[in-house]
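Hello,

Here is the structure I promised to pass on. My notes follow below it.

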Amino acid sequence: MMIEMVVQIDDIPPSERFAAWRALCDRTTIPMELRSTDEGDFRATMWGVNLGQVMVSGTSVPSLWNHRTPVHIRRSDPELYHLQLHLSGETDVRHAGATTTLGARQFMLSCTSRPYEAFVGRGRTDTMTVAVPPPLLPFPAADLDRLLGRRLSGRTGIGALLADVLVRLGTEHTAYRPADGPRLGTVVVDLLTALLAHELDGDAEAGAGATAGRMAPESHRRALVLRVQDFARRNLHTPDLTPSSIAAAHHISVRYLHRLFERQGHTVAAWIRAQRLERCCRDLADPAQSGLPIHAIAARWGFSHAADFSRAFRGAYGIPPRDFRRTALSQQVQQSQLSDRMSADRMSEGEQDSPRRSPAHLR
């Protein structure tokens, strides 16, 4: 089970619920001002799932106004991008100079470093949010700025695929193990990257139409890099994935391919190696694959020779793959044992608690 946090305040006296919710939100790394016309009987829930470097959360709230001001940002800013998915209800949002109304199965990208104001005033709203560190998104900040505050569809195309994954993640969390978290995080980030690339490509095409069919050179290069990287990720298992094969698949010269990657700050071979090693790390840390030989995992991700893999792994992470696996699996066992003890303690406390609980229990 991967759920990290679940908050329900229905068992708190009605007059204390909104104060408890506001206190809970105020303790997060993204403080903001909150108001509600339902403060006398505020019924809301919140949950969160940790997927490695990605956090997915969900809320269900009645009427609610929240405002994150420059003062709040100076007080605390985790510097994250948030992709919000509305599941039901409507929310009016102002962010990054845009005003948007979000309905069911619609996304919006926001940034915690920018002021944000949202109002839920037409019935209960259910929302999911994906929190992503900027380094995981392969786009210049200036490109993402153009998408902030815009309504993006989760009803068709890539957006629908991402929405389906998030909805199932929220409703079927008990079907996953903690080790599944980083893998699911990779899936979510890949789909999010594809959605943002699709939107940015649409902007570039619209701009091209307005300029007699000429796409800006930088937009063309960015779109090509994204296609190349997507192709490479889907073919990491192929040992003969090389600059020559990638260039041929995209009808460009090897020299031009190298120039594209140099602009990203690395060589083609180094980028491929890093992607392969990342997948190997993920599988080595997976308890379900603890019986699979290390050389088999390496071969799965395109390392034909065990010695080459071991040397590359040690060079990247400073330890041999065998030591990495042993440490990672040991830590997961310890975390699982700690989680079991905490669950047992919570059950024990629940049996002793009275039906009336104070906001302090939300900590």
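Predicted model: local features only at pLDDT ≥ 70, side-chain atom pairs only at ≥ 80, totals over all residues.

Helix α4 has seven residues to look at on its covered side: Gly 159, Ala 160, Leu 162, Ala 163, Leu 166, Leu 169 and Gly 170 are the buried ones.

Next, the strands around β11. Strand β11 covers residues 125-132. Seven of its eight residues are buried, so β11 counts as mostly covered. It pairs antiparallel with β4 through seven bridges. Two pairs to find on screen: Val 61 has Thr 125 of β11 as its bridge partner, and Gly 58 stands opposite Met 128 of β11.

β6 also pairs with β11. Again the two run antiparallel, and seven bridges join them. Tyr 81 is partnered by Val 132 of β11. His 86 stands opposite Thr 127 of β11. β6 is largely enclosed by the rest of the structure, because six of its eight residues are buried. β6 is joined to β9 as well, by six bridges, and that pair is antiparallel. There, Gln 84 has Met 108 of β9 as its bridge partner.

Back to β4. Strand β4 (residues 54-61) is joined to β3 (residues 45-51) by seven bridges, and the two run antiparallel. Gly 48 is partnered by Ser 57 of β4. β3 and β4 make a hairpin with two residues between the strands, and Gly 52 takes a positive phi near 75° there.

How big is the second largest pocket? Its volume is about 1,000 Å³. The lining has 36 residues, and the closest to the centre are Met 32, Ser 57, Thr 59, His 82 and Thr 129. Several elements give two or more residues to this lining: β1 (3-8), α1 (14-26), β4, β5 (64-68), β6 (81-88), β9 (106-111), β10 (116-120) and β11. Which element gives the most? That is β4, with five residues. By type, the lining divides into 18 nonpolar, 15 polar and three charged residues.

There is also an open sheet. Five strands form it, in the order β2-β5-β10-β7-β8, with antiparallel pairing. The edge strands are β2 (33-35) and β8 (98-102), each pairing on one side only. From one strand to the next, the twist averages 10°. At the β2 end, three bridges join β2 to β5, and the two run antiparallel. Leu 34 stands opposite Asn 66 of β5.

Last, some loop residues to check. Most residues other than glycine have a negative phi. Two residues here go the other way. Glu 79 is not a glycine, yet its phi is positive, near 55°. Glu 79 lies in the loop between α2 (70-75) and β6. Buried or exposed? Glu 79 counts as exposed, because its relative accessibility is 52% and the cut-off for exposed is over 50%.

Ala 96 is the other case, with a positive phi near 50°. Ala 96 sits in the loop between β7 (91-95) and β8. With a relative accessible area of 33%, Ala 96 is partly exposed.

Gly 121 belongs to the loop between β10 and β11. Gly 121 is partly exposed too, at 40% relative accessible area.

Best wishes

Terms used:
Residues numbered from 1 in each chain as written. Heavy atoms only, no water. Pairing = 2+ DSSP bridges. Helix = DSSP H or I, 4+ residues; strand = E, 2+ residues; numbered from the N terminus. 1 Å grid on protein atoms, 1.4 Å probe; cavity = no way out; pocket = protein on both sides within 12 Å on 5 of 7 lines; lining within 4 Å. Points joined across faces, edges and corners; volume = space filled by probe spheres on them. Nonpolar A, V, L, I, M, F, W, Y, C, P; charged D, E, K, R; others polar. Buried < 20%, exposed > 50% of the residue type's maximum accessible area, 1.4 Å probe, protein only. Axes fitted to C-alpha atoms, helices over the stretch in contact; angles between N-to-C directions.
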